[in-house]
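Here are some notes for a colleague who wants to go through this model point by point. Please read them with the sequence and the coordinates open.

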Amino acid sequence: RKHRLPMSRGLLGVALVCFLVASCQAKVFTATISTDGPEFIYLTKYAFDANCGPGEECTMLAEWTVTDNSSGYIAMYEENEWDLVVQADTCLDKITPAAAKEFARDFQFGPGSGNITFEINEHSTPHWWYAVIANCTGPMQVELTLTFLNRGSQFGFDEDGLLPIYVTFLVIDIVVLVLLLLLRKFSFFTYKVSAFVSVSLLVSAGSLLLSTLHWATYAATGVGVIGEGNWLRELSTCILLAGVLLGAAGWSQTAINNMGLWPRRIFIAFMIVIPALYVVLLVWSIAARNDWWFVDYLYETPPGSVLMAVRMVAGVWFAVQLYRTTATEFQAEKRALYQKFWVVGVLWLFLVPVMGFAGYDMPSYYQMKVITGLFLSIDTITTLVLLWLLRPSEAEAHFTTSGQVNASLGNIQPVVAPSSQLGETFLHARGSMEDQSL
């Protein structure tokens with residue numbers, strides 16, 4: 001069972017500090033604790049590797065400065081013991097059994113400054129450890145810094161491997177963008193659906209760059225950079241989603257005005273609801289990271305689950321809408337292109353939610369890196385396939401018929417013959433008609 005710990009103004013202060021300095025997700029956690037009365041405050045959690053032996057630096061260093069005459073406890077609880085701690089009713093019930101527990105560490109501090117190092121070396125599998133500070137008899141004013149090391153590295157088990165993942169996909173995005181520029185494929189950024197795909201790729205590269213900077217800084221100092229690229233990542237997804245849904249509705253050169261009334265309304269609804277859910281999820285992630293100990297995996301949260309479900313609904317609408325668009329098309333080339341577009345779009349729109357829901361049953365210390373790698377792989381492969389499928393030369397070949405171009409998936413301009421050729425054609429036709437009349 002998971003229980004939310006009592007919140008206080010002191011904890012809200014911790015959340016605000018964490019949001020401003022973005023340090024609560026790093027190995028270095030800093031906060032100023034100020035309470036008006038007895039409090040038991042959850043600080044942060046950290047995943048340690050399995051089989052950490054003596055001298056392998058699986059540790060938490062706590063450093064504090066008490067700015068009044070208060071005292072209190074700093075404690076760490078192993079994940080199984082933590083479940084028992086949060087079920088206790090009062091502050092004393094939570095903190096008092098700490099010394100009697102098999103794995104828990106605790107230390108009582110008093111006025112002034114000090115530090116204590118807790119070594120973690122019990123388990124044969126990775127485990128979460130939860131850090132708390134408490135004063136069960138009165139208020140406290142404490143400036144606190146927690147520094148975590150996992151086999152001498154600042155990366156917890158759940159974070160180890162994220163930096164290589166982000167670097168790999170950043171390199172892929174940059175290579176593709178450079179190739180587009182070197183080959184002078186600027187038309188990718190002007191065609192309707194391919195423009196959405198290209199701009200999405202550009203924004204994705206920006207998000208991956210920020211995430212790489214975050215984890216590289218984290219690797220060097222234990223404190224990441226604000227943002228991490230999450231906002232740009234979700235913006236990239238929304239741009240790609242808009243292009244895919246517009247393509248399914250047969251978007252032409254006159255934009256969504258050529259869509260039917262209900263398809264247009266549904267499209268607009270999706271493009272309001274899904275970005276809004278992404279914003280809620282990202283704001284929730286900040287709150288959850290600092291306030292709610294039980295959130296290991298964001299897509300288990302209510303906004304995450306709703307987002308995945310809405311995306312699946314968007315996938316159903318895409319499949320039905322593009323099927324109807326294809327059914328009204330009589331040109332074999334265009335039907336073939338629509339069918340390929342249908343397969344790519346359906347796979348992209350459904351695979352991400354399916355992988356997201358599949359992560360529910362995954363051990364929590366694997367979820368972040370495994371799901372991040374899967375999501376980035378799916379998005380990158382989809383982007384590359386769509387860039388190839390909707391390349392301008394292919395679109396022009398498939399959509400040009402009898403000197404005209406249908407621009408449902410591209411922004412191809414009509415082919416118009418020079419005026420001299422039109423005149424010659426008219427005279428030739430007139431002469432032929434006169435010959436036949438004779």
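1. Arg151 has a relative accessible area of 33% and therefore counts as partly exposed, and the model in which this value is computed is a predicted one. The side chain of Arg151 forms a salt bridge with Asp49, in which the closest N and O atoms are 3.2 Å apart. Because Asp49 lies in the loop between β2 and β3 (59–66) while Arg151 lies in the loop between β8 and α4, the pair ties together parts that are 102 residues apart in sequence.

2. The count of salt bridges comes to two, and the other pair to consider is Arg233 with Asp379, whose side chains meet at 2.9 Å, N to O. Arg233 belongs to helix α6 (residues 230–248) and Asp379 to helix α10 (residues 364–389), so this contact ties together parts that are 146 residues apart in sequence. Arg233 is buried, with a relative accessible area of 14%, and Asp379 is buried as well, at 10%.

3. How many disulfides does a search of the whole structure find? The search returns one, which joins Cys91 to Cys136 with an S to S distance of 1.9 Å. The pair links distant parts of the chain, since Cys91 sits in helix α3 (residues 91–95) and Cys136 in the loop between β7 (127–135) and β8 (140–149), 45 residues apart. The torsion about the S-S bond is about -70°, so the disulfide is left-handed. Cys91 counts as buried at 15% relative accessibility, and Cys136 is buried with a relative accessible area of 18%.

4. Strand β2 (residues 39–48) has ten of its ten residues buried, so the strand is largely enclosed by the rest of the structure. β2 pairs with β7 in the antiparallel sense over nine bridges, and Phe48 stands opposite His127 in β7.

5. For helix α9 (residues 332–358), the 27 residues at 1.5 Å a residue should span 39 Å, and the end C-alpha atoms are 38 Å apart, which agrees. The buried residues of α9 include Leu337, Tyr338, Phe341, Trp348 and Leu349, and Lys334 is also among them.

6. Leu183 lies in the loop between α4 (162–182) and α5 (192–221), and because its relative accessibility is 54%, Leu183 counts as exposed.

Methods:
Residues numbered from 1 in each chain as written. Predicted model: local features only at pLDDT ≥ 70, side-chain atom pairs only at ≥ 80, totals over all residues. Heavy atoms only, no water. Helix = DSSP H or I, 4+ residues; strand = E, 2+ residues; numbered from the N terminus. Buried < 20%, exposed > 50% of the residue type's maximum accessible area, 1.4 Å probe, protein only. Disulfide = S-S within 2.5 Å. Expected span 1.5 Å × (residues − 1). Pairing = 2+ DSSP bridges. Salt bridge = Lys/Arg side-chain N within 4 Å of Asp/Glu carboxyl O.
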